[in-house]
Amino acid sequence: MLSVSNGLDPLLKRPFSIHRILGDDLQFLYRVVGKGTEILSSRKPGDTIEVLGPLGNSFPVRKSNKNIVLVAGGLGIAPIVGLAEKISHSRQFLKKSDEMNGPLLFYGAKTKNEVMCREDLESLNIKPIISTDDGTFGIKGNIVTCLKRYFSRHKLMTEGCTLYACGPEMMLKSLSSFTAKKGIHCFAALEQNMACGVGTCLGCVVNTKKGYRRVCKEGPVFPIEEIIWDKL
Amino acid sequence: MKKRTSSDLKVDLGRLKLKNPVMTASGTFGYGKEYSEFFDLNRLGALVIKGISLKPMKGNPVPRICETPSGMLNAIGLQNNGLKGFMKEQLPFLKTVKTKVIVNILGNSVDDYVELAQQMEGAGVDAVELNVSCPNVKKGGIAFGTEPAAFEELIRAVRKKVDLPLITKLSPNVSDIKQFARIAEDSGSDIISLINTITGMSINVKTRQPRLANITGGLSGPAIRPVAVRMVWECYKTVSIPIIGMGGILSSDDALEFILAGASAVAVGTGNFLNPTTTTTIIDGIKDYMAQTGIDSMSALTGALKCPKRP
Ligand SMILES: Cc1cc2nc3c(=O)[nH]c(=O)nc-3n(C[C@H](O)[C@H](O)[C@H](O)COP(=O)(O)OP(=O)(O)OC[C@H]3O[C@@H](n4cnc5c(N)ncnc54)[C@H](O)[C@@H]3O)c2cc1C
Ligand SMILES: Cc1cc2nc3c(=O)[nH]c(=O)nc-3n(C[C@H](O)[C@H](O)[C@H](O)COP(=O)(O)O)c2cc1C
Ligand code: FES
């Protein structure tokens with residue numbers, strides 16, 4: 001949670017995922033969508049920003065997860081880059097091809113200008129499969145459709161993989177029906193309006209098969225099959 | 001220079017004796033444990049626990065919260081894991097905290113409240129706070145806290161069965177809060193606390209939808225502070241039982257406004273969300289204010305408002 005203003009407007013802290021940790025630096029990647037992020041974007045080098053965190057859980061990468069596949073939609077790329085870095089080091093990923101020696105990543109964006117982190121990904125040896133809604137970059141269409149097509153073409157290779165996903169609710173929802181049908185393990189990072197960030201206000205819950213769970217505390221990452229999408 | 005001791009800050013809310021006047025507001029501090037990672041809970045005057053009902057309550061669908069100018073709306077729907085869950089999962093931790101523990105209780109009938117209060121007394125908590133902003137199911141669902149007869153019946157019934165210090169939390173959603181303060185005092189409440197959230201609503205004009213799934217919610221935060229201070233002042237002039245003031249307190253100056261208006265103690269709600277250490281900063285700030293103004297007891301500050309005479 002980041003304090004975006006020192007005054008009363010906006011009043012509440014804003015939740016962001018940690019993008020990358022580089023030495024002593026904590027990096028956040030965000031898009032200006034409203035007042036809070038607008039104020040954040042006007043901050044200058046040397047200004048201080050209060051951070052409450054790290055909070056909640058993270059993508060659960062186990063030693064046994066050999067074939068990891070990453071899925072990002074829009075700003076969902078923020079935590080996925082950090083995760084890609086982590087699994088690149090432990091080499092627990094599924095490769096796209098022998099030339100590109102990095103994890104398989106599906107990345108969807110609205111349009112070319114919103115495709116981010118390409119240099120970061122390149123330096124990690126990742127050549128993502130990119131789609132844009134308007135076709136201005138990569139494949140035209142939505143990223144879950146791309147992923148489905150890829151999986152049906154490379155059946156043998158994609159067996160026994162684990163998916164880690166972050167992106168808009170619509171994307172995660174359609175991903176969940178695919179992974180359920182195919183019996184693929186998938187973990188998704190969710191978003192919800194937040195106030196406290198530490199589990200006390202119960203404002204940020206999501207509806208799961210185990211009842212309401214707090215995105216800031218038990219989440220933001222949940223096994224995708226536990227989420228009840230139509231009654232979020 | 002005068003030596004400062006912690007005894008400066010002691011307050012007696014009748015039988016309920018606190019080491020300082022700063023407590024947490026129900027529903028904004030969970031069951032305490034969450035914030036124990038950020039500071040020593042023993043520094044608090046008291047810890048007020050999230051509302052507990054007899055049976056677990058699932059709560060409302062999302063969105064449950066939204067931000068509004070200088071405040072926030074919430075419609076959590078009183079989610080809690082019920083009396084049994086509380087006794088098993090939360091109480092053991094609360095027993096280890098060396099400050100007063102006050103449990104906020106809620107129900108849909110007088111019997112619910114009586115049962116809960118008795119159980120809490122048995123469990124050894126320091127006081128119970130009645131959240132009367134709940135629908136009285138037997139009487140058509142009108143909130144206990146907005147209907148004088150049901151309000152009186154509820155407090156009298158609980159008072160009859162428990163000896164524990166009894167705090168009645170007043171709803172601001174009434175035309176005359178003084179009337180409810182008086183009934184609370186006459187019916188045997190030891191203390192009153194105010195204010196609970198003010199019912200509000202916010203609309204997203206782009207989608208034409210309400211911003212909360214529940215449509216309406218409770219407004220809290222600095223936006224409600226002037227209303228809350230006014231209500232504390234009105235109640236202070238009306239009753240002689242101690243008052244716990246709350247509503248948008250973020251700083252020691254905010255807390256002092258309530259104290260000068262007549263509160264003996266204060267509670268911090270939304271302020272915890274902005275910074276987990278808001279309460280301890282306020283305790284230090286009040287201490288400094290007393291040192292600077294040469295006031296050596298909290299009781300000398302309560303109600304010490306100076307209204308200039310009109311010419
Ligand atoms: C766990 C978590 C991790 C997040 N990580 C990131 C991140 O790494 N990078 C990033 O840019 N954002 C991230 N977000 C979203 C971010 O918190 C919001 O974009 C931010 O709070 C908006 O604040 P604001 O004051 O600028 O907008 P507001 O004034 O609050 O809202 C302006 C507009 O943006 C929309 N909006 C607000 N919140 C969101 C949201 N969560 N998702 C989509 N639209 C929203 C509102 O509906 C409104 O129309 C994350 C959210 C959560 C819960
Ligand atoms: C998220 C949230 C949950 C709350 N839950 C309860 C509750 O369970 N019982 C209760 O009596 N008051 C509850 N309240 C009201 C607060 O205790 C307090 O009266 C109110 O928020 C005003 O104080 P504030 O402006 O400092 O937050 C809740 C408030 C918020 C914001
Ligand atoms: S934001 Fe308060 S419980 Fe998650």
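Predicted model: local features only at pLDDT ≥ 70, side-chain atom pairs only at ≥ 80, totals over all residues.
1. Does Glu85(A) count as buried or exposed, and at what relative accessibility? Glu85(A) counts as buried because its relative accessibility is 16%, where buried means under 20% relative accessible area, exposed means over 50%, and partly exposed lies in between (1.4 Å probe, protein chains only).

2. Residues are numbered from 1 along each chain as its sequence is written, chains are lettered from A and ligands numbered from 1 in the order in which they are written, and side-chain values use heavy atoms, with hydrogens and water left out.

3. To return to Glu85(A), this residue lies in helix α2 of chain A, which covers residues 77-90; helices (H or I, at least four residues) and strands (E, at least two) are DSSP runs, numbered from the N terminus. When residues up to four places away in sequence are not counted, Glu85(A) touches Arg20(A), Leu22(A) and Leu124(A), contact being taken as heavy atoms within 4.5 Å.

4. With Arg20(A), Glu85(A) forms a salt bridge in which the closest N and O atoms are 3.0 Å apart, the term standing for a side-chain nitrogen of Lys or Arg within 4 Å of a carboxyl oxygen of Asp or Glu. This pair links distant parts of the chain, since Glu85(A) is in helix α2 of chain A and Arg20(A) is in strand β1 of chain A, 65 residues apart. Both Glu85(A) and Arg20(A) are buried. Elsewhere, salt bridges that share partners join Arg15(B), Arg159(B), Asp163(B) and Asp190(B) into one network.

5. Over all chains the structure holds 18 salt bridges. Another of them brings together the side chains of Asp9(A) and Lys35(A), at 3.1 Å from N to O. Here too distant parts of the chain are linked, with Asp9(A) in the segment before β1 (20-22) of chain A and Lys35(A) in helix α1 (residues 35-41) of chain A, 26 residues apart. Asp9(A) counts as partly exposed because its relative accessibility is 44%, whereas Lys35(A), at 51%, counts as exposed.

6. Turning to the two chains, 25 residues of chain A are in contact with 30 residues of chain B. The area buried between chain A and chain B is about 2300 Å², of which carbon and sulfur atoms give 62%; buried area is the accessible area (1.4 Å probe) that two parts lose on being put together, summed over both. Leu11(A), Thr200(A) and Tyr212(A) supply 29% of the area that chain A buries against chain B, more than any other three residues.

7. Between chain A and chain B the count is 2 salt bridges.

8. As for the side of chain A that touches chain B, the elements that give two or more residues to it are β9 (205-208) and β10 (211-214) of chain A.
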